[in-house]
Amino acid sequence: MSSEKAFKTGSTAPDPPAPGVLRLISMRFCPYAHRTILALTAKGIEYETINVCTVNKPEWFFAINPLAKVPTLQHDGKVVYESQVCNEYLDRVFPGRKLSPEEPLEKARIGMLQAIWDAKIMPNYMKTKRTEGKERQDAFRAFKEGLAFLEKSLTDSGKLFFGGDQPGFLDYSVWPFVERFETTLHGDLKLPQAEFPKVLAWKAAMFERPEVKACMFDTATYTSVSADYDPDFGLGA
């Protein structure tokens, strides 16, 4: 079974997935779940989706994942959660093109760029959403300083994607947030082409990827959901 509308507090638990069926417990607008949806789509893995409300969480979800966080995978009696862990599991267990490099130094490079993203880029992006005036501009400046490491990585590699000729683990890890950057990074916060030609070329190329197009929402939708949380936004009564 699959559900678009979100299960909420007080809902009856869905039946467990059938043998051999991979289930993703998700929330339609969660960027962390989006990471795993991208990996599933890129690898061509068949799966079913159960959506949950991440504010009024269904009680039965805690029995599956003690954190009750999305994404969560259920697969032949096993449970896997946390987006990066889910994507690593999918890449190791299922066929299809490999998303994570095997070569140790390249794997380390991807991990270090992820660490920069987590420590320097995302926190400062979030500050640009919460602040105004000089504080906001200072946050944007720090955000760009972090993003410069990604610019250099693409320049040094000579490749369009962080994964090489095709998107890989890091591309799918950061993309859900970049897709949502459109809600904030415009006007005086627009990224300068002269400073970030490689990152902006990567961004344009990612927007053209079929796996990205298959699970994206437009900026207006992200803006509406950010302003007024509704896991069933756009689904009607």
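Modeller: Let us begin with pairing, remembering that this is a predicted model: two strands pair if DSSP finds at least two bridges between them. On that basis five strands form an open sheet with mixed pairing, in the order S1-S3-S2-S4-S5.

Colleague: What makes strand S1 and strand S5 edge strands?

Modeller: Strand S1 (3–7) and strand S5 (78–81) each pair on one side only. On average, neighbouring strands of this sheet are turned by 25° against each other, with direction ignored.

Colleague: How do you know that strand S2 and strand S3 pair?

Modeller: Strand S2 (residues 22–26) and strand S3 (residues 48–52) run parallel and are joined by four bridges; at least two are required, so the two strands count as paired. Within S3, threonine 49 is the bridge partner of leucine 24.

Colleague: Which strands does helix H1 lie across?

Modeller: Helix H1 (residues 31–43) lies across S2 and strand S4 (72–75), and runs at about 150° to S2. Helix H3 (residues 83–93) also packs on the sheet, where it touches S2, S4 and S5, and its direction makes about 130° with that of S5.

Colleague: Why is serine 173 called buried?

Modeller: Serine 173, which lies in helix H6 (residues 169–181), has 0% relative accessibility; buried means under 20%, and therefore serine 173 counts as buried.

Methods: Residues numbered from 1 in each chain as written. Predicted model: local features only at pLDDT ≥ 70, side-chain atom pairs only at ≥ 80, totals over all residues. Heavy atoms only, no water. Axes fitted to C-alpha atoms, helices over the stretch in contact; angles between N-to-C directions. Contact = heavy atoms within 4.5 Å. Buried < 20%, exposed > 50% of the residue type's maximum accessible area, 1.4 Å probe, protein only.
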